[in-house]
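Hi,

Here is the structure I promised to pass on.

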Amino acid sequence: MQRNLDAEIWERFKRGDEEAFSYIFDTYHLALCEYGQRFTSDEFLVRDSIQDVFFELARKKDRLSPTDNILFYLLKSLRIKIFANIRKSHRIAETELDDERIDAFRLSYSTEVNPEEKELRLDLVADALNQLPPRLKETIYLKFYKNLSNKEVAEVMQVNYQSVGNSVQKAIAKLKKILDTSSESILLFLQTAIL
């Protein structure tokens, strides 16, 4: 249902409907801020990157490809823009920009509405997740927080499809070792706690 709505809104935006553009911005700009701040603590760089994404969308709207998942499209665009702006601001060559050159991809959890036991488990999982390398954390975030498919995660992260599955398995294996629990319980917890 959401994907059909996204496709309709996207098409209206591409035809120049300003209300559709406003809807897209209002609906997704906070999710983009949250995602961008996981790459860098530079708020201005994140905000500038988001502004650049929306400016380019508005400028190129008649040439944009169709999408049935606006969030996926925006996350992918923002990731590319943030890395480009980091390279530009630090005068870093593309080959030099790797996991060590950018702030570690950070994950956090909100436990405001959860009972105490779930809070404790969330804290344990958060600590364990933050022991993972940045690329694995980003994969987990996109897959379980944003409910993107493996194909969409691969496109956002600019890796091949198989790498996403491998990264999820690798992350779960590391979490299993850190938390001393089964893979199934980690998957179940990620799917229920993060939603």
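This is a predicted model: local features need pLDDT of at least 70, side-chain atom pairs count only at pLDDT 80 or more; totals for chains, interfaces and linings use all residues.

Residues are numbered from 1 along each chain as its sequence is written, and side-chain values use heavy atoms, with hydrogens and water left out.

The largest nonpolar core has 37 residues (a core being buried Ala, Val, Leu, Ile, Met, Phe, Trp, Tyr and Cys joined through side-chain atoms within 4.5 Å; buried is under 20% relative accessible area, exposed over 50%, partly exposed in between, with a 1.4 Å probe and protein chains only). Trp 10, Ile 24 and Tyr 35 are among the members touching the most others. H4 (70–90) gives the largest share, 10 residues. Helices are DSSP runs of H or I, at least four residues, numbered from the N terminus. A second, separate core of 11 residues includes Val 125 and Val 168.

Next, H7 (150–157) and H8 (161–179): their axes come within 8 Å and cross at roughly 105° (lines fitted to C-alpha atoms over the stretch in contact, angles from 0 to 180 degrees between N-to-C directions). That makes the two roughly perpendicular, a label for 65 to 115 degrees. Val 153 and Ala 154 of H7 and Val 164 of H8 are among the contact residues (heavy atoms within 4.5 Å).

Finally, most residues other than glycine have a negative phi. Asn 147, between H6 and H7, has a positive phi of about 55°. Gln 158, in the H7–H8 loop, has one near 60° and counts as exposed at 53% relative accessibility.

Cheers

Note on methods
Angles under 35 degrees count as roughly parallel, over 145 as roughly antiparallel, 65 to 115 as roughly perpendicular and the rest as oblique.
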